[in-house]
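Try each task yourself before you look at the solution.

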Amino acid sequence: MTTPPYALVTTTTDAEVKARTLAADVIGSRLAACAQIHPVSSVYRWEGRVEHAQEWRVDFKTRGDLVDELAARLGELHDYETPEIIAVPLLGGSADYLAWISAETRGQSARP
């Protein structure tokens with residue numbers, strides 16, 4: 001599969017302070033250019049039961065070639081047994097915004 005030039009990587013956690021800590025680490029490491037934090041209400045199956053939880057979703061804007069490294073870093077930092085870490089390719093966007101993502105992340109290997 002071809003690596004997309006840009007991606008949105010999402011994770012969730014159970015506290016705003018944890019979401020902000022994840023965001024600060026990832027942005028500080030230049031694995032993403034931006035992190036947006038949102039309160040969410042989650043319903044999911046865990047260990048045979050349907051669970052309802054208030055969580056905090058963090059959406060990271062990054063380059064496609066950094067997704068694996070970003071996912072590994074989130075896995076190291078996360079306190080969930082099985083954290084949600086998913087990546088969605090960005091199919092397009094403002095050329096200036098995408099160039100900014102490239103400029104604010106490690107290296108310069110992304111295609112504008």
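**Exercise 1.** In this predicted model, find how many aromatic pairs the structure holds, and describe the geometry of Tyr 97 and Trp 100.

*Solution.* 
- Step 1: Count. The structure holds 1 aromatic pair.
- Step 2: Recall what to report. A pair of aromatic rings is described by the distance of the centres and the angle of the planes.
- Step 3: Apply this. The rings of Tyr 97 and Trp 100 are 5.3 Å apart, centre to centre, with 40° between their planes.
- Step 4: Classify. Planes under 30 degrees apart would count as stacked and those over 60 as edge-to-face, so the pair of Tyr 97 and Trp 100 is tilted.

**Exercise 2.** Work out where Tyr 97 and Trp 100 lie, and whether Tyr 97 is buried, partly exposed or exposed.

*Solution.* 
- Step 1: Both residues belong to helix H3, 3 residues apart, which is about one turn of the helix.
- Step 2: An α-helix has 3.6 residues a turn, so residues three or four places apart point the same way.
- Step 3: Tyr 97 has a relative accessible area of 34%. Buried means under 20% and exposed means over 50%, so Tyr 97 is partly exposed.
- Step 4: Trp 100 also has a value of 34% and is partly exposed.

**Exercise 3.** Which residues of helix H3 (residues 95-104) are buried, and why do they lie on the same side of H3?

*Solution.* 
- Step 1: The buried residues are Leu 98, Ile 101 and Ser 102.
- Step 2: These residues cover an arc of only 100° around the axis, so they sit on the same side of H3.
- Step 3: Look for the cover. Strands E1 and E3 are among what covers the buried residues of H3.

**Exercise 4.** Describe the largest nonpolar core.

*Solution.* 
- Step 1: This core has 14 residues, and Val 9 and Phe 60 are among those with the most contacts inside it.
- Step 2: E1, H1, E3 and helix H2 (67-77) give two or more residues to the core.
- Step 3: H1 gives the most, with 4 residues.

Notes: Residues numbered from 1 in each chain as written. Predicted model: local features only at pLDDT ≥ 70, side-chain atom pairs only at ≥ 80, totals over all residues. Heavy atoms only, no water. Core = buried A, V, L, I, M, F, W, Y, C linked by side-chain atoms within 4.5 Å. Buried < 20%, exposed > 50% of the residue type's maximum accessible area, 1.4 Å probe, protein only. Arc of directions from axis to C-beta. Contact = heavy atoms within 4.5 Å. Phe/Tyr/Trp six-rings, centres within 6.5 Å; stacked < 30°, edge-to-face > 60°.
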